[in-house]
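Let's take a walk through this protein together. Have a look at the picture first, and then we'll go through it piece by piece.

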Amino acid sequence: MTNENTTPPDLQPGLVLTPDQWRQRLSDEEYHVLREAGTEAPFVGEYTDATTEGVYRCRACGAELFRSTHKFQSSCGWPSFYAPLAEDRVRYLTDESLPGRPRTEVRCARCDSHLGHVFAGEGFDTPTDLRYCINSICLDLDPAETDK
């Protein structure tokens, strides 16, 4: 995460579609969260308590974002990760939508879809002391191959 909590504006996403094109690819609820920075209700997402090993991808564009090995139980109501798969997979924006409570928004670096927020200094026993609080509806899980 950058010190300023924002990604330089000159980094443009690699996949740019019109709102109509996004609406064709996404359900109404997916569109609201991914493209309009909405939030799904807590404790209802399919990945909130998931323990399956694999890679979490952006539901909008398929970019690999997080590994299950970086996922942890935070009991916040949404899937929590302590780091993205790689720093270039996500971008950060300052979010001042809640008066008096600034946050850092997390977006997919490839398609600029809203994923959730990242919080620091909450005291979780993780290597980074960060909590990437990500909406399940923004993710698809590619399960790891298992030996048969």
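This is a predicted model: local features need pLDDT of at least 70, side-chain atom pairs count only at pLDDT 80 or more; totals for chains, interfaces and linings use all residues.

The largest pocket has a volume of about 180 Å³. Its lining is made of 15 residues, and T39, W78, R103, H117 and C133 are the ones that lie nearest the centre. Which elements give two or more residues to that lining? They are strand 7 (114-120) and strand 8 (130-134). Strand 7 has the largest share, with five residues. If you sort the lining by class, you get seven nonpolar, five polar and three charged residues.

Six of them make an open sheet in the order 3-4-8-7-6-5, with antiparallel pairing. At the edges sit strand 3 (71-72) and strand 5 (90-95), each of which pairs on one side only. Here are some of the pairings:

| Strands | Sense | Bridges |
|---|---|---|
| strand 3 and strand 4 | antiparallel | two bridges |
| strand 4 and strand 8 | antiparallel | two bridges |
| strand 7 and strand 8 | antiparallel | five bridges |

You can follow a few of these partners residue by residue. F72 has S80 in strand 4 as its bridge partner, and S80 in turn is bridged to C133 in strand 8. C133 is also one of the residues nearest the centre of the pocket.

Is strand 8 mostly covered or mostly open? It is mostly covered, as five of its five residues are buried. That goes for both faces: L130, Y132 and I134 are buried on one side, and R131 and C133 are buried on the other.

**A look at H32**

Let's finish with a residue in a helix. H32 is found in helix 2, which covers residues 28-36. Is H32 buried, exposed or partly exposed? Its relative accessible area is 38%, so H32 counts as partly exposed: buried means under 20% and exposed means over 50%.

Leaving out residues up to four places away in sequence, H32 touches A37, G38 and T39. H32 and H114 are 82 residues apart along the chain, and their C-alpha atoms are separated by 9.5 Å.

Terms used
Residues are numbered from 1 along each chain as its sequence is written. Side-chain values use heavy atoms; hydrogens and water are left out. On a 1 Å grid over the protein atoms alone, a cavity is a set of points where a 1.4 Å probe fits but cannot get out, and a pocket is an open set with protein on both sides within 12 Å along at least five of seven lines; lining residues have an atom within 4 Å of a point. Grid points are joined across faces, edges and corners, and a volume is the space filled by probe spheres set on the points. Helices (H or I, at least four residues) and strands (E, at least two) are DSSP runs, numbered from the N terminus. Ala, Val, Leu, Ile, Met, Phe, Trp, Tyr, Cys and Pro count as nonpolar, Asp, Glu, Lys and Arg as charged, and the others, Gly among them, as polar. Buried means under 20% relative accessible area, exposed over 50%, partly exposed in between (1.4 Å probe, protein chains only). Contact means heavy atoms within 4.5 Å. Two strands pair if DSSP finds at least two bridges between them.
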